Amino acid sequence: MLIQTAQGNAPDGLPFQVFTLTNSHGMSIQMMDWGATWMSCKVPVKNQLREVLLGCRLEDYLIQQAYLGAIVGRYANRIAYGQFKLNGKSFQLNLNQEPHQLHGGLKGFDRQRWQLVKSGQNFVSFMLHSADGDQGFPGNLDAIVTYTLAENNSVEIEFEAKADQDTPLNLTNHAYFNLNDADYGSDIRHHHLQLNAEYYLPVDSSGIPNASLKPVQQTSFDFRQTKQIVQDFLQDEQMLVKGYDHAFLLGEQKEEMSAILTAQNGSLSLRVSTSQPALQVYTGNFLAGTPNRFAGVYADYAGIALETQALPDTPNHPEWWALGGITQANKNYHHWTKFQFL
């Protein structure tokens, strides 16, 4: 079932368009056209609906800085110093986490109104045009994102795009999950996590890659077997960024299982699968002060983001281009991620 409502006023003077999808089991998800943002995800658990997605009041989406549930682009994650070279030409992007660019810049895809393309009883599609030079990126780009709620209590997010020039392109959704209490944000570090990843990417204190991919074996980044997030927390290189904020290179069978997140009490699990090459695990290290749905604020570690994407700073690392992150002119970009609640 689909319900569409107009609410509040966005910076362009028009109301936000909010879409709610509900399946026959009572699970519901809510999206809006501003930032193509995933605002809510309520899952039936023991005959009650449980909110599992961090969110805030509608008006607070304009002031929060945590990218709550938004589609981020043109390039998710960081590009060092907002600079890269492509086809022999140097590009300077605008900076929003100086001296670097994060998640597409000052007015990235999360800060723009997406247009409704089509909708049905179980899906909503949004489109955005990003002009040549937008935030410093080359090429005119058209992107489409589709949210689908299935009868098996899964949410699939599909990304399609095409540009008329070669360009960096890395789209993801920046949802934060808390399977115990997303409304107020209990400490996510007591959840259990498993990752289909044998390598992670070290970063400096700014989140910029500073080494090649490293094996997770015998490090605190080893989640090949399920463990509580707190078990090896703030060990090794995590100290530089206050926790986990690292990309993991996904292994084979990623389209079957990339990650499994389980609530502290075992009452609910989230299984993530994707076509993307990597997964950025961010344990909400700097969420403190982010508004919640009840005029309060979240604390650090109130939610975990599992961002499927290309590796960060790929435009400056040609050795990673084969894994994605650079899209050729007039070639179709297509990726998907599925969030299955069990």
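Guide: Start with D222, which counts as buried at 18% relative accessibility. Keep in mind that this is a predicted model.

Visitor: Why does D222 count as buried?
Guide: The cut-off for buried is under 20%. D222 has 18% relative accessibility, so D222 counts as buried.

Visitor: How many salt bridges does the structure hold?
Guide: There are 13. One of them pairs R293 with E51, with the closest N and O atoms 3.5 Å apart. R293 sits in the loop between β25 (278-282) and β26 (304-309), and E51 is in strand β5 (residues 48-51), so this pair ties together parts that are 242 residues apart in sequence.

Visitor: Are R293 and E51 buried or exposed?
Guide: R293 counts as buried at 18% relative accessibility. E51 counts as buried too, at 7%.

Visitor: Which residue forms a salt bridge with D232?
Guide: K227 does, and the closest N and O atoms are 2.5 Å apart. D232 is buried at 16% relative accessibility. K227 is buried at 6%.

Visitor: Which residues are joined into one network?
Guide: D12, D33 and R113 are, through salt bridges that share partners.

Methods: Residues are numbered from 1 along each chain as its sequence is written. This is a predicted model: local features need pLDDT of at least 70, side-chain atom pairs count only at pLDDT 80 or more; totals for chains, interfaces and linings use all residues. Side-chain values use heavy atoms; hydrogens and water are left out. A salt bridge is a side-chain nitrogen of Lys or Arg within 4 Å of a carboxyl oxygen of Asp or Glu. Helices (H or I, at least four residues) and strands (E, at least two) are DSSP runs, numbered from the N terminus. Buried means under 20% relative accessible area, exposed over 50%, partly exposed in between (1.4 Å probe, protein chains only).
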